[in-house]
Amino acid sequence: MLKTKVSRIGVTIAALAGIACPAAALAAAGQAPDGAGKPRPRIEARMTALQRPARHLHKTIAIQVPKIRADRRSALQEQRREVFATLPGGISQATLNSIAACESGGDPTVVDASGTYRGKYQFDTGTWASVGGNGDPAAAPEAEQDYRAALLYSRSGSSPWPICG
């Protein structure tokens with residue numbers, strides 16, 4: 001009777017393991033009755049058959065996720081280019097280029113020595129925020145910096161750039 005009870009407990013545990021982890025259940029079911037722990041060949045073949053699709057799925061995910069992320073980045077960059085393509089206020093790109101050349105040498109990533117003025121047009125964070133910018137002006141795409149500088153120029157003229165404007 002004790003042996004039957006132990007056997008039922010073992011079957012119950014194997015059934016629960018089969019629900020939670022089918023591969024582990026197959027491995028457990030493959031144990032030899034003498035307890036030697038050697039899997040039977042047909043059970044081993046079933047495990048391999050289960051593992052193959054899982055490996056293929058993981059490989060596919062590893063390949064596709066970076067591609068999807070790159071596509072999303074490209075789409076966002078294209079949207080930004082479209083939004084910032086037209087300069088507001090009728091300001092010419094030549095006017096902005098001359099200000100940028102004087103302020104930063106035209107480098108959109110430059111930061112002054114004090115860390116206060118940032119980007120192609122040397123925005124401070126308050127001025128950048130006043131024209132709708134978020135985050136660090138030097139980290140923004142160049143097209144956005146051009147757009148925000150044109151907004152500022154259309155509102156205030158060349159006064160934000162007293163030397164270069």
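How many salt bridges does a search of the whole structure find? The search finds four, a salt bridge being a side-chain nitrogen of Lys or Arg within 4 Å of a carboxyl oxygen of Asp or Glu.

1. Basis of the note. This is a predicted model, in which local features need pLDDT of at least 70 and side-chain atom pairs count only at pLDDT 80 or more, while totals for chains, interfaces and linings use all residues. Residues are numbered from 1 along each chain as its sequence is written, and side-chain values use heavy atoms, with hydrogens and water left out.

2. Helix 6. Helices here are DSSP runs (H or I, at least four residues), numbered from the N terminus. Helix 6 covers residues 142–156, 15 residues in total, and reaches 21 Å from its first C-alpha to its last, close to the 21 Å expected at 1.5 Å a residue; the expected span is 1.5 Å times one less than the number of residues. Just after helix 6, G157 takes a positive phi of about 70°.

3. Burial along helix 6. The buried residues of helix 6 include E144, Q145, D146, Y147, R148, A149, A150, L151 and L152, where buried means under 20% relative accessible area, exposed over 50%, and partly exposed in between (1.4 Å probe, protein chains only).

4. R148 and E144. Within helix 6, the side chains of R148 and E144 meet in a salt bridge at 3.3 Å, N to O, and because these residues are four apart in the helix, they are separated by about one helical turn. R148 is buried, with a relative accessible area of 11%, and E144 also counts as buried, at 6%. Salt bridges that share partners also join K120, E142 and D146 into one network.

5. K120 and D146. The side chains of K120 and D146 meet in a salt bridge at 3.0 Å, N to O. K120 lies in the loop between helix 4 and helix 5 whereas D146 lies in helix 6, so the pair ties together parts that are 26 residues apart in sequence. K120 is buried at 5% relative accessible area, and D146 is buried at 10%. Leaving aside neighbours within four places in sequence, D146 is in contact with L87, Q93, L96, K120 and Y121, contact meaning heavy atoms within 4.5 Å.

6. R118 and D136. A salt bridge also joins the side chains of R118 and D136, at 2.5 Å, N to O. This pair links distant parts of the chain, 18 residues apart, with R118 in the loop between helix 4 (93–104) and helix 5 (125–130) and D136 in the loop between helix 5 and helix 6. D136 counts as partly exposed, at 27% relative accessibility.

Conventions
Helix = DSSP H or I, 4+ residues; strand = E, 2+ residues; numbered from the N terminus.
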